[in-house]
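Here is a short walk through one protein model. Keep the coordinates open and follow along.

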Amino acid sequence: MNDWSPVAKVYDPLKAGSIDGTDVEPHDRAVWRAMVARYKPNKGVVGDPLLTLFVARLNPQTTEEKLNEVFSKYGDIRRLRLVRDIVTGFSKGYAFVEYKEERSVVRARREANKLVVDQSELFVDFEQERTLKGWIPRRLGGGQGGKKESGQLRFGGKDRPFRKPINLPVTLSQEWGGRGREWERGGERNERYREKDRDGTVWGSRGRRDDRDRGRERGGEMEYHRDRRNRSYETESTRERGSTRERGSRERDDRRHSDDKHRHRDRR
């Protein structure tokens, strides 16, 4: 993955919902919503997108005058728009600042990011709605922000870049090098197996097969001896039972003989 980058070059909702951009299945409903969304950038937005900054995490009390005062330090401002709710007129917490020169945009993005204004730490980045292909806003399940508490985190931007994947594909040279080392290890292993025996036989794959055959024969012999042992146990137990029966019958005969003697004596 030679073209891997922590920042997305093309917006893909499936990758943006993954911590390293390698997911192949959507893991929440927001990703599904962004994948099926058919969003087109607002044509009513004016200005040069390459000279426009996106400013987020504003304090609801921050006004256009305050933003103009803060961002005019980095260069001449052409337009400044604080996004407000169309019904209530309250600030939505983000704004767009368009500069006249490119160097002013670069400087403001570098120095104004994480700047504290009205007790709020700002997030400043380039505008992506008109510059990043396939961009889907947050309200449709896209974006590159989100909160851990809500379970909707998006990656691939400046605030939350992609983490480097663990299993990066290797290049051709690395692949051949690794394969060479495997062949070396395999050769050493084969050499160990090919040591000569006392009889002069060479141990290879055939030798290992012979070992398996000998193991089977040895197992058969063990089973044969086990059967003989069991048979001997059975014969001994039957002998014991027979001797016990004979002893019992002999004792019964002795008792009968003694009883007959006593009866004959009583008759006299």
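Is Gln119 buried or exposed? Gln119 counts as exposed, at 75% relative accessibility. The classes are these: buried means under 20% relative accessible area, exposed means over 50%, and partly exposed lies in between, with a 1.4 Å probe and protein chains only.

A word on the source. This is a predicted model, where local features need pLDDT of at least 70, side-chain atom pairs count only at pLDDT 80 or more, and totals for chains, interfaces and linings use all residues. Residues are numbered from 1 along each chain as its sequence is written, and side-chain values use heavy atoms, with hydrogens and water left out.

Start with the overall layout. The protein has 6 helices and 8 strands. Both are DSSP runs numbered from the N terminus: helices are H or I with at least four residues, strands are E with at least two. The order from the N terminus is α-α-β-α-β-β-α-β-β-β-β-β-α-α. Of the 268 residues, 27% are buried. The accessible surface comes to about 20500 Å², and carbon and sulfur atoms own 48% of that. Such areas come from the Shrake-Rupley method with a 1.4 Å probe; for residues, only the protein chains shown count as cover. Now take the contacts with a separation of 6 or more: 60% of them join residues 24 or more positions apart. A contact means heavy atoms within 4.5 Å.

Next, the sheet. Strands of a sheet pair through backbone hydrogen bonds, either parallel or antiparallel. Here 4 strands form an open sheet in the order β2-β3-β1-β6, with antiparallel pairing. Two strands pair if DSSP finds at least two bridges between them. β2 (77-84) and β6 (123-126) stand at the edges with a single partner strand each, so one side of each has no neighbour in the sheet. From one strand to the next, the twist averages 20°. β1 and β3 pair over 5 bridges, in the antiparallel sense. Thr52 has Glu98 in β3 as its bridge partner.

Helices pack on this sheet. Helix α3 (residues 64-71) touches β1, β2, β3 and β6, and its direction makes about 140° with that of β2. α4 lies across β1, β3 and β6 and runs at about 145° to β6. The axes behind these angles are lines fitted to C-alpha atoms, for helices over the stretch in contact, and angles run from 0 to 180 degrees between N-to-C directions.

Now the aromatic rings. Rings of Phe, Tyr and Trp (its six-membered ring) pair if their centres lie within 6.5 Å; planes under 30 degrees apart count as stacked, over 60 as edge-to-face and the rest as tilted. The count comes to 5 aromatic pairs. One of them joins Phe54 and Phe96: it is tilted, at 5.6 Å centre to centre with 45° between the planes. Phe54 lies in strand β1 (residues 52-56) and Phe96 in strand β3 (residues 91-99), so the pair ties together parts 42 residues apart in sequence. Tyr94 and Phe96 pair edge-to-face, at 6.1 Å and 90°. Phe96 is buried at 16% relative accessible area. Phe54 is partly exposed at 23%, and Tyr94 is partly exposed at 27%.

Gln119 is not a glycine, yet its phi is positive, near 65°. Gln119 sits in the loop between β4 and β5 (120-121). Lys114 also has a positive phi, about 70°, without being a glycine. Lys114 lies in the loop between α4 (102-111) and β4 (116-117) and is exposed, at 57% relative accessibility.
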